[in-house]
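Open the model in your viewer and keep the selection panel at hand. The stops below say what to select and what is there.

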Amino acid sequence: MAPNPSSRDAPLDQPALEALYRRLEKPLFNAVHRWLWDSTEARDVVQEAFVKLWGMAERVQPATVEPLVWRLALNAAAHRRRRRKVWQWLTLEALSDRAAAGKPADEALSDHQREAAIRRAVDELPDKLKRVILMCEFSGLGYAEIARTLGIPEGTVASRRNAALKKLEERLGPILEDGQLDEEAS
Amino acid sequence: MTRRSEIFRLVEPPPGGLALLRERLEQKRRSRSWMVALPAAAVVAAAIVLSVRPAPIDPVRAGLLSDPLTQSLGLRPAQAETALGEERTALVPIASENPSVAVYWADGLSEVAPHGEN
């Protein structure tokens with residue numbers, strides 16, 4: 001069915017924004033959470049993205065709203081992460097993390113340690129790979145939409161996704177249970 | 001549990017997100033209305049100030065008003081002699097610092113004839 005032109009061209013009003021929030025809160029939260037590892041802060045970033053979107057509501061076309069809010073949220077998450085890294089460097093908070101990073105991977109790990117290992121592996125992904133893999137995992141968008149959202153070619157989305165999975169596999173292979181990370185490819 | 005589902009396990013966001021978002025949108029709306037109202041209020045205030053600003057002071061009138069008694073009471077000096085000019089115009093002499101200059105307060109200024117003609 002062809003989209004209704006009047007609704008396609010209509011500005012984003014508050015009920016539409018709230019409906020979008022209800023639909024995207026969880027996937028956005030999960031992606032942002034992999035950046036910050038803090039529920040309150042991740043929710044704050046998601047909300048910040050929606051408040052920014054609300055600020056541009058009159059200029060936004062409903063068709064591009066979803067990619068835009070993803071971009072806003074991921075940019076805000078990356079920005080906070082960088083700011084926090086600087087703060088940690090200044091306050092030497094990261095010393096304990098650095099010490100933990102030196103543990104052997106094949107050591108018997110508690111749940112907490114497994115969780116920490118996953119965090120480290122995801123944290124160590126380069127920013128551009130992390131954006132792609134998190135959008136692929138949580139957004140429910142196809143490669144074409146992710147490519148448009150991130151402003152990269154569609155083929156790059158696939159290659160970055162594979163590269164990210166490979167890096168995670170290398171780092172977490174000895175720790176996690178058996179099973180292919182790239183289940184789609186297997 | 002597979003590796004992938006463990007790495008990308010879904011986490012529930014804290015409850016109350018939508019209510020918090022509504023609050024933040026309301027805050028933004030309020031701050032935005034202030035941003036619009038402030039310049040408008042400044043324009044209105046400037047218009048009021050300009051409209052109630054006193055007219056430029058006439059030097060003759062300024063001389064009259066500088067007389068301490070006139071200025072303090074807003075009345076004609078009690079000791080002043082009132083003379084009637086042409087067409088019943090009242091002329092009130094007012095103290096002048098310069099003895100060679102005579103200053104008069106003319107009532108009904110529009111109808112007054114030059115003092116020298118009296």
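**Stop one: a pocket**

Select A:Pro62, A:Ala63, A:Thr64, A:Val65 and A:Glu66, which lie nearest the centre of the second largest pocket, itself lined by 20 residues. A pocket here is an open set of points on a 1 Å grid over the protein atoms alone, where a 1.4 Å probe fits, with protein on both sides within 12 Å along at least five of seven lines; lining residues have an atom within 4 Å of a point.

Next, colour helix H2 (14–36), helix H4 (62–91) and helix H8 (143–150) of chain A, the elements that each give two or more residues to this lining. Helices are DSSP runs of H or I with at least four residues, strands are runs of E with at least two, and both are numbered from the N terminus. H4(A) gives the most, eight residues.

By type, the lining has twelve nonpolar, two polar and six charged residues.

This is a predicted model, in which local features need pLDDT of at least 70 and side-chain atom pairs pLDDT 80 or more, while totals for chains, interfaces and linings use all residues. Residues are numbered from 1 along each chain as its sequence is written, chains are lettered from A and ligands numbered from 1 in the order written, and side-chain values use heavy atoms, without hydrogens and water.

**Stop two: chain B**

Now select chain B, with its four helices and three strands. From the N terminus, the order is α-α-α-α-β-β-β. Of its 118 residues, 21% are buried (under 20% relative accessible area, 1.4 Å probe, protein chains only).

Note on methods: Buried means under 20% relative accessible area, exposed over 50%, partly exposed in between (1.4 Å probe, protein chains only). Ala, Val, Leu, Ile, Met, Phe, Trp, Tyr, Cys and Pro count as nonpolar, Asp, Glu, Lys and Arg as charged, and the others, Gly among them, as polar.
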